Amino acid sequence: MDNSEIEDFYHHDFTTASEWEVFIARLEEIIHEWKIPNNKIGPYLKSGDFIKHTWIEAFEKLNFADVEFLLKHYKLNINDEESSAGPTEECEDARSQCQQDALDPLNDFAVLAGEHMEIARYYGIREFLVLVPAKQSSITDETRIKILLSSLNIAAINSNCEVPLLVQVQEPWQRFYLGVSIGKGSTANFEMVHVKKIPPHCKHLTGLLSLFKQRIGAGSGFRPDPVMVSIRFTYLLKDWTNSSWTQEPPDFDFMQGETLGVAELGKLPFGATFDPVGELHLFTTWPQMSENVVVDSEGFTDLEPQLAPEWTVQVKMVSSSACLLGDYLTDFLYLCKNQKTLVDLLGDAASYVSSEDQVLSSAFNALTESRIPTISTVVGKAVTKKSKNIDGPIAEEVLLPILYFLFPDAEDNPKAPYSDVNSYGVEDDQWRGIKTCAVNSLVWRLSIVAAHCAHNLGGASALAHLWHEFVQEIRFRWEKSIPIPGVGSGFPDSVRTCLLHQKLQMMNCCIERKKAREECILKSQSMDIDDPDTESEEEFFECTSEEPTDEEEPSVKTVQKTKHSLWNRPAGRLAKHPSLRLVKTGEALYLPVTQDPVPKTEDQLEEDAQVMMQLGTDQHASEMRARLMSASLLSDMESFKAANPGAVLEDFIRWYSPRDWIEEEGLDEWGQTNGHLSPRMMIPNNPWSRAWSSAQPVPAHRQKRLFDDTREAEKVIHYLVSQRLGQVAQLLLPSLTHAALYTLSLQEQEALPNLPDVTQSILNKLQFATKPIHQKLQLYEEITFDIEGVEALVAQVNSLQHKLGGNTDSKELTSFLVQLMRGKEVIVPGGSTGYIGTRITTMFREAQKAVHILTMSNSNNEMDVSGDNKQKTFPEPVCKEFILRAVTPRPSPTSTPQPQRLYACLKREYIRMAGLFSEDTIFI
Amino acid sequence: MDQDILTTLKLLMIGESNVGKSSILLRFTEDEFYENMQSTVGMDYKTKQVTIDGNTVKLAIWDTAGQERFRTLTPSYYRDGQGAILMYDVTDRNTFIKLETWLNELNTYCNKTDIVKMVVGNKIDLPNREVSTEEGLQFARRHQTLYIESSAKTADGVKCCFEELVQKIIQTPGLWDTHSLRLPGNGNTGGARQRIGKRGLQLTDDYQPQEAYSSCYCSLV
Ligand SMILES: Nc1nc2c(ncn2[C@@H]2O[C@H](COP(=O)(O)OP(=O)(O)OP(=O)(O)O)[C@@H](O)[C@H]2O)c(=O)[nH]1
Ligand SMILES: [Mg+2]
């Protein structure tokens with residue numbers, strides 16, 4: 001790189017004089033660019049304008065020698081410029097905008113957020129330019145300050161700019177400004193004092209008044225009009241004593257065994273663990289009045305907060321409120337990333353033991369079981385040897401109520417039986433579209449209980465423990481053929497429910513079929529006894545169904561058939577067709593009993609679809625697909641053949657695909673309309689005719705089962721048991737999040753009228769998040785974040801309501817709370833004597849009492865016994881503000897009267913005074 | 001071939017047997033027509049890439065069998081479908097009447113809002129028409145679906161049918177653009193993405209949680 005050019009740049013020579021000139025010229029240039037000089041006087045401000053309207057900001061960079069500055073422009077954006085009729089004409093008296101504003105009390109004490117906005121408060125002005133050293137540097141040197149001030153002066157004169165030009169000096173944190181405004185016939189100087197030690201005479205209004213008068217009258221002997229004063233005292237409340245609002249997390253340690261109720265288990269906690277409202281600021285204001293109606297001196301003061309005509313409050317919230325529900329969700333989300341297996345967490349006892357050995361015997365056990373099943377753990381304990389009980393962190397007296405809560409049918413008198421869990425997904429359901437489970441169904445309860453475990457009962461290993469017990473129970477129910485409660489009936493609903501729910505539905509399907517099978521066996525056995533001659537087809541059921549696949553070859557089957565049943569004997573008839581007869585034989589056509597459709601869970605469906613897709617799209621792939629899909633067609637054909645000996649493809653097609661049967665003129669020999677197969681069914685060797693020719697007459701129950709419930713059940717159990725902890729948590733996450741949103745939706749808060757809308761918008765996100773089988777944690781993180789945010793808001797309003805409204809619930813209070821929640825300074829309706837005012841006073845009194853008791857006990861109490869026991873209701877104000885205004889002739893008594901203003905702010909640690917003092921520049 | 005694919009869309013073809021679903025699909029993918037098309041067993045699957053408004057999308061089309069008995073089997077494959085073609089034969093009123101059943105079937109296996117539907121009246125080349133265009137249109141209006149008439153034999157309306165459906169899907173926020181979308185920095189997606197508008201974009205991966213929160217917060221207080 002070539003440095004010469006850059007070096008050249010630095011070699012320019014600036015003399016001090018030209019630096020200054022350049023600086024001033026640049027100031028003028030910017031002022032000109034911003035078109036500031038030609039501004040007219042605006043309309044009088046209305047009360048609250050400073051806060052209601054936005055402030056326009058602009059800035060430019062400029063340098064003074066090598067020091068960088070920013071010139072910033074701030075202007076209140078009042079849009080109703082048209083209504084400006086009034087002052088523009090009348091105020092020909094050369095009073096500038098800032099002077100007019102400085103005398104206007106309607107926006108006193110306005111608190112404005114934003115950098116440099118305190119200037120508006122200090123001087124009461126609606127527009128200003130401020131020069132700020134860039135990079136937060138400070139300007140403390142007297143000479144420098146003078147140079148800057150005179151630069152501003154010159155620039156203002158040269159550019160004919162009336163808008164106040166200020167400069168920030170001293171340390172940035174001091175917010176110290178000086179400046180000037182050059183009007184047509186007068187100049188206003190902006191001055192400031194900011195000192196740590198408050199001079200004793202400045203502590204009260206009396207002292208400030210004489211200071212002000214001294215400054216503006218300068219002992220001229222002229223008797224001015226009375227000074228006008230506005231006063232505001234600020235009181236701070238942080239100690240809530242009795243009015244504190246917090247929620248305790250559910251405490252499982254205290255709830256021993258039986259007392260651990262359904263109410264606690266089934267609910268997610270909601271609210272803040274410590275009061276979300278941090279501070280309450282009470283502003284007591286005395287709007288502008290004459291100096292002689294109020295006394296505030298060392299010995300006496302009229303300025304009692306209760307007497308202030310105006311009360312306003314503002315609240316500050318705790319920045320990060322810890323909320324229970326949010327914590328629950330966050331903890332749970334964290335677990336979703338846990339890679340540990342159940343064995344890692346619980347030890348070898350939790351490892352998967354195939355229960356095949358029990359399957360065979362269980363069929364008969366189920367029948368001897370008592371009507372009320374018991375919980376597997378209890379049984380496990382009693383039955384001993386193959387007890388798979390593990391040492392988890394959840395104590396048994398807590399675990400049992402949890403399990404009974406999940407499986408209420410295991411108890412004689414269920415405390416929390418499931419209501420109808422099938423109503424889920426009804427069109428008008430509030431929660432439609434969220435793919436989880438029915439409210440308060442098994443998966444719902446499980447996810448809530450899981451969250452309790454994760455949060456209160458031992459984190460990851462507690463969740464593992466719960467899951468282990470849960471799966472044990474599912475396995476137990478499979479073995480004993482006891483349906484799982486709280487799961488919607490029917491096939492896995494892959495459209496409306498989450499994967500875990502589908503798995504449990506699948507389990508129930510298996511249990512149901514297993515039960516049906518077992519009942520069948522039982523029936524056939526009893527039938528054998530009753531009527532030994534009946535050659536029941538069911539007799540061979542078990543052996544056929546347990547047959548390994550390879551034995552399913554037609555040849556084998558044929559052998560069996562010839563052995564056990566006559567070739568032509570019809571079997572597996574469901575019903576006689578009302579009209580159709582077989583084409584060849586003229587026998588009535590019978591609808592066959594067919595195999596039940598196969599239930600599948602979403603992951604299986606996806607797998608199936610993958611298989612189909614991966615075959616490709618060419619002709620061969622299509623044939624492969626047809627072959628894969630023809631299993632059920634073949635099964636139906638076999639059932640049909642079994643039910644209708646002597647049937648041909650035509651017969652089958654008329655039942656199965658009537659639109660491929662083309663009717664003709666005339667009747668056949670059995671009196672039914674003639675017809676023939678559609679051309680496409682007559683294509684040689686088409687999949688239909690091929691399947692037909694390979695189909696054997698086998699009734700449905702003897703066919704190879706399309707759905708093997710034993711295998712499917714084992715698959716589900718294996719699936720459940722082999723999940724890593726994070727996967728377990730992810731299975732539960734959709735319903736837990738749903739339950740959390742449900743909890744949120746139960747919150748009613750009039751001061752948050754949009755709560756239902758916000759809940760709805762989170763719901764929309766949740767609908768989207770729950771759709772895919774594999775959960776995207778990021779989406780859930782966002783939803784959790786949203787729920788947390790809303791929870792905090794609700795907690796804040798609840799706390800405010802508790803503090804300020806007690807049990808009352810009025811429109812007035814509601815709108816008051818709404819405003820407070822927006823972070824605004826809000827007028828207390830009725831001031832100190834109104835309902836809210838009284839509540840606030842009480843809170844201050846309580847806090848004072850608490851402080852008093854504390855100091856009493858600390859210092860020896862004898863001290864105070866003698867002293868005035870009328871302990872004050874309010875503490876010392878944290879801030880006292882005064883605004884003094886007058887119009888006096890300056891610099892000499894013969895000058896035109898000029899606006900003068902002093903703002904004083906007294907805090908424990910400093911006093912600040914900001915003055916705007918005007919002088920006539922013509923009649924000196 | 002490797003043009004950048006905006007997304008893969010899953011389409012379903014349903015309707016009574018023999019109305020011409022497989023024939024329309026064959027016409028669309030291969031531009032062929034058989035007088036004697038084999039009746040589909042269960043279902044079949046085909047793919048095709050189309051470019052619409054500068055966006056190339058891959059269509060994964062699932063063609064199902066119309067026989068009533070297959071209804072226990074095929075809806076499993078409805079999962080995740082973004083578009084459905086509901087077909088009837090204009091020369092057979094019965095297939096038109098049955099459309100209602102097919103629509104119900106679809107609604108039980110797909111969330112209503114997640115799928116764009118198109119009703120297609122096929123075989124308009126044949127003379128013996130039984131269902132008028134007005135009736136077809138009325139049905140479509142009543143069920144808020146798209147409507148078109150076609151002939152697999154003459155290829156009338158076939159391309160249109162798929163293109164309109166795809167266009168509608170792309171324009172419907174939230175329907176696509178989910179997990180299937182994995183784009184490298186790729187210029188020609190702009191068209192579709194812009195049209196999707198705010199809600200559509202919200203659902204993408206680059207969607208900012210910060211914004212979500214603030215919008216939520218603002219509207220509440
Ligand atoms: N004239 C005419 N014939 C058609 C048209 N479309 C399809 N076909 C014929 O109608 C018959 C059935 O067509 P397919 O495409 O197999 O019908 P499908 O709806 O797929 O039937 P399934 O697979 O059984 O559900 C075939 O013989 C086609 O040749 C068309 O537009 N015009
Ligand atoms: Mg077909």
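## Close-up views of a predicted two-chain model with a ligand

**View 1. Polar contacts of ligand 1.** A polar side-chain atom of A:R680 is placed 3.0 Å from an oxygen atom of ligand 1. The protein covers 95% of the 640 Å² of accessible area that the ligand has on its own. The model shown here and in the following views is predicted. On the side of chain B, a backbone N or O atom of B:G66 lies 2.8 Å from an oxygen atom of ligand 1, and a polar side-chain atom of B:D125 lies 2.7 Å from a nitrogen atom of the ligand.

**View 2. The shell around ligand 1.** Ligand 1 is located between chains A and B. It is surrounded by 26 residues, of which the closest are B:K21, B:S23, B:E35, B:D125 and B:A152. Seven residues of this shell are nonpolar, twelve are polar and seven are charged. Helix α1 of chain B (residues 21–30) contributes the largest share of the shell, namely three residues.

**View 3. The salt bridge between B:K153 and B:E35.** In this pair, the closest N and O atoms are 3.1 Å apart. The two residues link distant parts of the chain, being 118 residues apart: B:K153 belongs to the loop between β6 (146–149) and α5 (158–171), and B:E35 to the loop between α1 and β2 (43–52). B:K153 counts as partly exposed because its relative accessible area is 40%, whereas B:E35 is exposed, with a value of 57%.

**View 4. The salt bridge between A:D409 and A:R477.** The side chains of these residues meet at 2.8 Å, N to O. Their pairing connects distant parts of the chain, 68 residues apart: A:D409 is in the loop between α14 (396–406) and α15 (442–456), and A:R477 is in helix α16 (residues 459–480). A:R477 is buried, since its relative accessible area is 0%, while A:D409 is partly exposed at 26%.

**View 5. The salt bridge between A:K503 and A:D603.** The closest N and O atoms of this pair are 2.7 Å apart. A:K503 lies in helix α17 (residues 499–530) and A:D603 in helix α20 (residues 602–614), so that distant parts of the chain, 100 residues apart, are linked. With a relative accessible area of 5%, A:K503 is buried.

**View 6. A nonpolar patch on the surface.** A:W20, A:I147 and A:I154 form this patch, which together has about 220 Å² of accessible area. A:I147 is part of helix α7 (residues 142–159) of chain A. This isoleucine, A:I147, is partly exposed, with a relative accessible area of 36%.

Methods:
Residues numbered from 1 in each chain as written. Chains lettered and ligands numbered in written order. Predicted model: local features only at pLDDT ≥ 70, side-chain atom pairs only at ≥ 80, totals over all residues. Heavy atoms only, no water. Patch = residues over 30% accessible without salt bridge, like charges linked within 9 Å, V, L, I, M, F, W, Y side chains within 5 Å. Areas by Shrake-Rupley, 256 points an atom, 1.4 Å probe, with all protein chains shown as cover. Salt bridge = Lys/Arg side-chain N within 4 Å of Asp/Glu carboxyl O. Helix = DSSP H or I, 4+ residues; strand = E, 2+ residues; numbered from the N terminus. Buried < 20%, exposed > 50% of the residue type's maximum accessible area, 1.4 Å probe, protein only. Near = heavy atom within 4 Å. Polar contact = N/O pair within 3.5 Å; in protein donor to acceptor, adjacent residues only side chain to side chain. Nonpolar A, V, L, I, M, F, W, Y, C, P; charged D, E, K, R; others polar.
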